[in-house]
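Work through these exercises with the sequence and the 3D view side by side. Try each task before you read its solution.

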Amino acid sequence: MKIRYNTKKLLLAFDIFLFLVCLSGIYHIYLKADLPFSIYESDSHLFIDKQIFNSPLNHDDRIVSIDNYKFVSREHIEIYLDGKNIGDMVKISVERYNRQFDFFVNLIPFYTTFYLLIVLLVGVLFFLIAVIVLYKAENLQQAYTFHNVVICTAAIIMTTWGNHQVKPEWLGHLTRYVFHAAYTFAPALFLHFTLVFPTNRLRSIYIIPFYLLSLALTIILSIVFIPLSNINDISYSLVYIRYFNYTRIFVVISVLLAILIFILTYRKLRSDIDKKKLKWVLLGFIAGPVSFIVLWVIPQAITTNGLIPEEFILILMSAIPVTFGIAIVKYHLYDIDLIINRGVVYVIVISFLIVLYVSIIVGITYLVSVGPAFSSVLAAVLIALIFQPLKKYVQDFVDKKFFRIHYDFRKAINDTFKAIQTSTSISELADRIITEVNKLIPAEKIGIFTFNKHDNSLTIIRQINLPGFDRHKIFLTPKSVEELRINPIATFNSVEAGIPVQISEAKSLNKRNIALIFPVNVLGELVAVELMGKKKSGNRYYKEDFDLLNQLSNESAQAIERIQLQEKIILDRLEKEKLEELNRLKSYFVSSVSHEFKTPLTSIRIFTERLENNECNTDPKFSNHLKIIQGESDRLSRMIDNVLDLVKIERGIKNYRFTETDLNVIVEDSLRIMEYQLQMQKFTVNKNLVDKRLPVTADKDSIIECVVNIISNAMKYSRDEKEITIETDFSDSFVLVRIKDKGIGINQNDKEKIFEPYFRSEDKEARRVAGTGLGLAIVKHAMDFHHGRIEIESELNKGTSFSLLFPVIKNK
């Protein structure tokens with residue numbers, strides 16, 4: 001780490017030195033001299049094209065010599081004048097009408113103040129970006145290479161050909177040597193950069209020849225420049241131009257090769273992130289070096305003049321450090337696909353409209369014979385009318401033909417949002433979110449959890465590859481809850497640097513391979529979270545992923561708010577209906593209980609009166625009457641106990657006292673209690689108990705009550721076949737008691753409802769039987785507290801089987 005820091009310090013010191021040299025370069029190009037007229041070439045001759053100041057020289061005068069030196073090109077003259085100062089007088093010999101004339105002119109500044117200002121600003125921009133990337137980039141090899149590329153490009157711009165005779169002369173020579181080195185090494189550095197970005201594919205054998213060629217060209221240009229700068233001999237100028245043209249060819253080949261390497265690399269890449277980075281680089285290449293080559297280098301090599309002013313070339317070149325720096329440090333600063341997409345669309349639309357505009361003006365002017373003003377107005381109106389429809393058509397065409405993947409991705413997102421907006425329940429919403437997220441951001445694990453603010457717990461709704469969470473709650477610390485109200489929580493190295501997240505070092509997340517906890521907040525309050533495992537691609541979560549999850553979170557929050565409001569309205573209505581139903585059931589319950597109480601009370605009163613009247617003179621009758629009184633009293637007592645038990649259950653104060661007991665004993669005691677009623681109603685009881693002890697940990701009285709209630713129901717709902725079978729059994733996990741009857745059976749729709757308090761079936765056969773609807777509710781509550789379960793098998797008109805299953809005592 002210390003070595004890297006020292007390397008950066010040395011590079012920064014070198015940058016400062018080079019920047020001072022570059023400032024000297026700007027001073028030298030500020031003093032660069034030029035002729036007071038422009039020149040063009042034709043048939044290997046030089047002619048005066050356009051005068052800048054008033055002079056006796058005429059347009060199309062052929063230049064014979066300057067200071068008695070003959071020149072063959074515009075660059076040839078430029079190199080000679082780099083040894084002159086602004087204001088110096090030179091002799092111009094021209095040929096006019098086959099006669100030679102000699103004139104003396106004063107040299108003027110080569111560059112405008114505006115151009116020099118652009119050079120300074122662009123140069124400073126290059127240096128700043130180079131230093132920022134050097135210190136901000138994570139990949140040091142990429143940072144160093146990019147830094148060197150940008151610094152060389154800045155040096156080319158700031159130390160271009162200038163006046164090398166300014167005192168001190170050594171500074172002018174040094175500036176030109178720096179220019180040679182920057183101009184020849186920049187192409188090699190570009191190639192080097194293509195081999196280390198976005199992934200390192202560098203082999204020394206590939207890049208060393210280019211660096212050696214760059215060094216050779218630098219040495220040759222500098223050696224040739226030495227006599228040129230000292231004696232200003234124009235013969236050396238031609239040699240210098242020849243080798244400088246070789247360097248231009250090297251620049252063109254290197255840049256085109258670098259772009260080719262980037263394109264081939266792009267086609268091989270699988271990572272969308274690396275592809276986005278390369279798109280930024282390619283955009284910079286197209287805006288900078290390619291524009292420089294097409295608009296300046298090639299035209300200048302052919303005609304000695306660029307197609308556009310140098311100022312615009314410099315502004316275009318500033319795209320290099322900007323786009324390259326964004327690619328290395330923060331590729332997601334802007335959506336590169338959107339920039340390219342919109343760029344293509346507007347280039348097509350504007351090009352078409354320009355052609356159409358010109359065609360309309362020419363067509364109307366020559367065909368209809370009207371003035372150009374009317375044609376221009378009419379063309380402008382037509383262009384304004386068709387611009388928006390044309391843009392939309394071109395946008396759709398470009399999206400579908402050139403950006404199909406992104407078009408499909410946007411369509412998938414829109415479909416996802418529509419699905420979220422039409423969800424009618426939290427579970428349905430969770431299903432749709434988890435399905436769509438898994439398509440758009442494939443992850444190893446995904447889970448949707450609701451948040452309970454009362455105990456800071458998360459309860460799973462839907463999940464993919466998250467076993468165990470459906471059986472346990474996750475409890476968040478108050479600190480985590482506060483953090484999730486602001487930003488997502490992520491584990492270390494699971495998200496891209498620069499994304500606003502809270503980094504968690506919780507071992508529980510790493511143990512379960514959870515990479516990201518993304519919140520869903522409604523009005524600033526946490527209502528749900530999405531747990532994401534590592535991405536299946538192995539990549540980290542990038543800004544695009546977070547943008548998508550943010551959009552989904554916002555849409556989900558709105559959907560949850562809407563669903564909660566709908567559910568509240570529905571619950572209010574259901575609550576009202578339930579209260580009305582409860583009042584009806586309680587009225588029915590009071591009526592049923594009154595009837596149920598009246599039957600045993602009547603029996604008790606009748607037989608008590610008989611005993612009082614001594615109607616029973618024999619001992620057997622006397623004993624039977626007492627048995628009836630006792631049985632009816634017990635039945636009445638059980639009904640009262642059921643009512644009291646349900647009251648306790650509803651109030652949450654029902655207690656159970658667990659002890660070890662034998663399930664067979666419980667069955668025997670239950671049958672003994674029901675013996676009177678079974679005999680009175682002439683029921684046959686088939687008893688099939690295992691011949692071994694069945695130990696359970698239970699509240700014996702409550703389980704007896706459960707068995708009695710089920711036997712009582714079996715008796716009530718039996719018609720002609722009055723037969724009940726009661727049996728016990730066991731397995732490795734459970735012991736059970738099963739009560740079967742041959743009664744009317746249970747309607748399939750009622751199976752889930754029969755355990756609700758006061759429930760009465762709408763089935764006609766069942767409605768004929770009087771009852772309170774309390775017994776099975778008490779059974780369900782007791783079995784839940786015993787960690788047991790109830791199994792029901794029933795067939796209409798054939799009977800019902802109730803099984804009560806209790807966990808086995810492990811060591812028994």
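**Exercise 1. Which residues does D82 touch, not counting residues up to four places away in sequence?**

Step 1. D82 then touches K32, W161, G162, N163, H164, Q165 and R176, leaving out residues up to four places away in sequence.

Step 2. Note the source. This is a predicted model: local features need pLDDT of at least 70, side-chain atom pairs count only at pLDDT 80 or more, and totals for chains, interfaces and linings use all residues. Residues are numbered from 1 along each chain as its sequence is written, and side-chain values use heavy atoms, with hydrogens and water left out.

Step 3. Helices (H or I, at least four residues) and strands (E, at least two) are DSSP runs, numbered from the N terminus.

Step 4. Check burial. Buried means under 20% relative accessible area, exposed over 50%, and partly exposed in between (1.4 Å probe, protein chains only). D82 has a relative accessible area of 1%, so D82 is buried.

Step 5. Look along the chain. D82 and I29 are 53 residues apart, yet their C-alpha atoms are separated by 9.1 Å.

**Exercise 2. How many residues of α2 are buried?**

Step 1. Count them: eight of its eight residues are buried, and α2 is mostly covered.

Step 2. Name them. They are R74, E75, H76, I77, E78, I79, Y80 and L81.

**Exercise 3. Describe how α3 and α4 pack.**

Step 1. Two packed helices are described by the angle between their axes and the distance between the axes.

Step 2. Read them off. The axes of α3 (residues 113-136) and α4 (residues 140-158) come within 9 Å and cross at roughly 170°. Axes here are lines fitted to C-alpha atoms, for helices over the stretch in contact, and angles run from 0 to 180 degrees between N-to-C directions.

Step 3. Classify the angle. Under 35 degrees counts as roughly parallel, over 145 as roughly antiparallel, 65 to 115 as roughly perpendicular and the rest as oblique. The two helices α3 and α4 are therefore roughly antiparallel.

Step 4. Find the contact residues. Those of α3 include V119, F126 and L134, and those of α4 include Y144, V150 and I157.

Step 5. Sort by class. The contact has 17 nonpolar, three polar and no charged residues. Ala, Val, Leu, Ile, Met, Phe, Trp, Tyr, Cys and Pro count as nonpolar, Asp, Glu, Lys and Arg as charged, and the others, Gly among them, as polar.

**Exercise 4. Which residues have the most contacts inside the largest nonpolar core?**

Step 1. Define the core. It is a set of buried Ala, Val, Leu, Ile, Met, Phe, Trp, Tyr and Cys residues joined through side-chain atoms within 4.5 Å.

Step 2. Pick the residues. The largest core has 60 residues, and V119 and Y240 have the most contacts inside it.

Step 3. List suppliers. Helices that each supply at least two residues include α1 (2-30), α5 (169-196) and α9 (310-317). The most comes from α4, with eleven residues.

Step 4. Follow V119. Leaving aside its neighbours within four places in sequence, V119 is in contact with I26, I29, I157, M158 and L314.

Step 5. Turn to α9. There E311, I313, L314 and M317 are buried. Seen down the axis of α9, they fall within an arc of 160°, so they line one face of the helix. The arc is that of the directions from the helix axis to the C-beta atoms.

Technical notes. Contact means heavy atoms within 4.5 Å.
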